[in-house]
Amino acid sequence: MSKDQVRGWGFVTPALLWTIAFFIVPFVVMGAMSLASLEGRTLVWDLSLANYAKLLEKKYLWRAILVSLEITLTVTVISVVLAYPLAWIIAFRVSPRWQRLALLLAILPFWTSYVVRSYAWLLVLAREGVVNETLMWIGAIAEPITLANTRFATVTGFVHFFVMLLTLTIYANLIQLSPNYRRAAMDLGANAFQTFRHVILPLTLPGIVTGAFLTFVLCIGDYVTPQILGGNTELTVPQVIMVQLGRRADFPLASALAIVLMSIVALAYLLSARWLRLDRL
Amino acid sequence: MQIGRKILGASALALMAGTAWAEGELNALVWCDHTDPELIAPFEAKHNVKVNLREYEGTGAALALLEQSRPGDWDVLVVDGIDVFRAVEAGVLAPLPEGAVSTADYFPEVVMAENNTVDGVTYAVTEKFGYNTISYNSAKVDPADMESLSTVWSEKYDGRISIYDYYLPVMGLAAIAEGIATDAIGAGDLAKIDGVLSTMRSRAASVAGVVAAQTALATGEVDIVVGGGEWLTAVLASEQPELTWTIPKEGAVRWAQSIGVVEGASNPDLAVEFIKYITSPEGQARLATSSCFWGMPANAKAGDVLTDVQKDILRWDQQPDYLALTQLYPAPDADLDIEMQDLWLETLQQ
């Protein structure tokens with residue numbers, strides 16, 4: 001082995017060991033655990049797919065997968081739709097002098113604790129919260145409506161957080177675009193919409209997809225937001241995993257659910273891999 | 001199982017790496033009411049020890065944690081009264097030394113010798129009890145409606161109800177509403193219970209844990225908490241006296257928590273001293289009025305230590321009626337327990 005190779009391995013080894021210890025090994029353990037089963041309180045290593053069969057048999061389990069997907073896709077789409085114009089404004093409409101302040105404002109939500117932020121939303125959306133009070137004051141509603149403890153509340157809490165994340169990833173992509181692309185398109189007779197549709201959007205797609213993928217991954221695996229804002233009116237996969245661990249100590253079924261969750265993320269990765277540019281982050 | 005234990009044990013060790021368990025320390029696995037410094041500090045001062053407390057929710061979680069721990073990691077376990085036998089079966093509770101703790105001054109109904117004793121050996125002692133019943137805002141709902149389970153989750157209160165997120169007491173209440181005794185619940189009764197749960201769920205705005213249920217009631221998000229009780233509203237009594245609770249005419253569910261010494265404890269003598277302190281009138285009064293949640297002390301002598309105001313909030317004088325009207329938590333066997341949990345989760349997902 002050459003000196004360069006030794007040095008190369010020296011650089012790579014810590015990261016490799018870290019990945020093996022904290023990803024590969026736990027993943028293999030979790031995979032093996034998902035093939036075991038629980039008889040009473042005894043763990044039986046019967047290497048069966050019974051836990052995966054339960055996902056189809058038990059309505060609350062497959063419904064949790066469905067609920068998680070619905071919420072995650074809704075959050076991802078809304079966040080992209082809101083974040084793109086915001087990133088565009090910061091990148092092209094705000095003077096360089098104010099861009100730093102705008103970016104600072106964009107990341108402000110990250111400064112507060114995730115749990116505190118979720119509870120704050122609960123109070124804002126409460127029957128006697130500021131949203132209901134305002135709607136009643138302007139005469140839009142006669143009586144308070146239920147906003148907290150609903151899917152709407154969960155999606156709102158998520159979107160508040162992920163719009164900012166997406167804004168940053170899309171902004172990072174937009175700012176790298178040379179203004180010459182727009183000028184060239186205009187020179188060739190494209191109007192503003194055509195320039196955006198055929199030039200800017202395709203070039204910023206990697207930023208959108210990267211942000212959307214991160215949003216998808218973080219959202220589908222989140223426990224705190226649906227637990228606090230959703231009011232347990234429907235359960236997502238992480239919530240069901242917590243029930244299996246906390247109440248039943250059913251590690252095999254929890255592991256099977258976690259594997260399914262990882263498979264969904266892997267599928268999302270494969271679907272978006274063509275445009276995914278994690279190095280742009 | 002061995003491999004699983006080793007893997008889980010390693011994980012637990014990693015989690016506890018930052019904790020220095022030492023001589024002169026007592027390690028207790030408890031419910032949140034034991035974490036009140038007002039309760040623990042006097043014991044620490046008297047014995048010149050440090051009490052390390054770890055909260056948990058649900059017996060399953062406690063048993064899993066104990067299985068993953070090394071012998072000697074834990075000294076004291078607080079456990080649901082109906083689950084003492086499960087802890088004994090799992091081999092995590094040690095027999096209490098004979099005569100170490102007297103229950104002579106206890107309310108007779110909560111001595112629960114049949115729960116705390118297995119094969120003639122006493123493993124735990126009751127320390128606190130209360131009710132999973134109906135908490136409500138008396139300024140927002142008709143108190144008369146709260147006196148019958150049939151009117152609590154009626155259409156009149158659609159969207160104004162929160163359900164306490166613990167399947168055993170709520171399913172117990174559903175069973176009581178159907179005239180089924182909580183200790184007689186069998187697999188054949190689940191269809192009837194399911195019907196009640198579905199109605200309850202359709203009226204509910206949320207299904208909430210302790211803090212979320214308290215917040216929902218205090219902020220006016222809901223006006224009724226099914227499965228609530230003195231443990232939910234007592235800590236709010238001084239600021240919001242309109243938040244109250246009642247036991248409907250059909251009855252309600254009684255909870256009770258027990259305390260015992262963990263098998264293989266590092267400090268078994270200190271653990272017994274801790275249990276003696278917790279079950280003493282002073283310890284009982286402090287535990288009853290813990291900042292996390294209030295509840296009735298098992299030892300009636302605590303009444304000599306509690307103030308009149310505290311006793312009023314706990315409804316000390318009404319206890320004989322309440323005790324007569326309430327039933328213990330359902331105590332399903334392992335198979336029925338899984339069926340009940342599945343039914344609960346199906347209800348949540350409706």
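This is a predicted model: local features need pLDDT of at least 70, side-chain atom pairs count only at pLDDT 80 or more; totals for chains, interfaces and linings use all residues.
**Chain A, overall**

I went through the secondary structure of chain A and found twelve helices and two strands. Read from the N terminus, the order is α-β-β-α-α-α-α-α-α-α-α-α-α-α. I then took the extent along the principal axes: the C-alpha atoms of chain A fill a box of roughly 75 × 70 × 35 Å. Chain A has 281 residues, and 35% of them count as buried.

**A helix pair in chain A**

I picked out helix H9 (residues 192-220) and helix H12 (residues 251-272) of chain A, whose axes are 10 Å apart and which pack at an angle of about 175 degrees. An angle over 145 degrees counts as roughly antiparallel, so H9(A) is roughly antiparallel to H12(A). On the H9(A) side I listed Val209(A), Phe213(A), Phe216(A), Val217(A) and Ile220(A). H12(A) brings Leu261(A), Ile264(A), Val265(A), Ala268(A), Tyr269(A) and Ser272(A) to the contact. Sorted by class, the residues of this contact are ten nonpolar and one polar, with no charged residues.

**Where chain A meets chain B**

Next I turned to the contact between the chains, to which chain A gives 26 residues and chain B gives 26 residues. On the chain A side, S2, helix H3 (59-93) and helix H11 (237-248) each supply at least two residues. H11(A) gives the most, with four residues. I sorted the chain A side by class and got nine nonpolar, eight polar and nine charged residues.

**Domains of chain B**

Chain B is divided into domain 1 (2-128 + 256-308) and domain 2 (130-254 + 327-348). I noted 27 Å between the C-alpha centres of these two domains. Where they touch, seven residues of domain 1 are in contact with ten residues of domain 2. The domain 1 side of that contact has five nonpolar and two polar residues, and no charged residues.

**Nonpolar cores**

I looked for the largest nonpolar core and found one of 161 residues. The residues with the most contacts inside this core are Leu257(A), Leu77(B), Ala174(B), Val226(B) and Val262(B). Both domain 1 and domain 2 of chain B give residues to the core, so it lies between them. I followed up Ala174(B): leaving out residues up to four places away in sequence, Ala174(B) touches Ile193(B), Val196(B), Leu197(B) and Met200(B). There is also a second, separate core of nine residues, which includes Leu122(A), Ala126(A), Ala153(A) and Ile228(A).

**Two residues with positive phi**

I checked the backbone angles for residues other than glycine with positive phi, and wrote down two. Leu47(A) has a phi near 45 degrees and sits in the loop between strand S2 (42-44) and helix H2 (50-57) of chain A. Is Leu47(A) buried or exposed? Leu47(A) has 10 C-beta neighbours inside 10 Å, and 12 or fewer counts as exposed, so Leu47(A) is exposed.

The other entry is Asp119(B), with a phi of about 50 degrees. Asp119(B) lies in the loop between strand S5 (117-118) and strand S6 (121-122) of chain B. Asp119(B) counts as exposed because it has 7 C-beta neighbours inside 10 Å.

Terms used: Residues are numbered from 1 along each chain as its sequence is written. Chains are lettered from A and ligands numbered from 1 in the order in which they are written. A residue is buried if 20 or more other C-beta atoms lie within 10 Å of its own, exposed if 12 or fewer, and partly exposed in between; C-beta atoms are placed from the backbone. A nonpolar core is a set of buried Ala, Val, Leu, Ile, Met, Phe, Trp, Tyr and Cys residues joined through C-beta atoms within 7 Å. Domain bounds come from an automatic or database domain assignment. Two residues are in contact if their C-beta atoms, placed from the backbone, lie within 7 Å. Ala, Val, Leu, Ile, Met, Phe, Trp, Tyr, Cys and Pro count as nonpolar, Asp, Glu, Lys and Arg as charged, and the others, Gly among them, as polar. Axes are lines fitted to C-alpha atoms, for helices over the stretch in contact, and angles run from 0 to 180 degrees between N-to-C directions. Angles under 35 degrees count as roughly parallel, over 145 as roughly antiparallel, 65 to 115 as roughly perpendicular and the rest as oblique.
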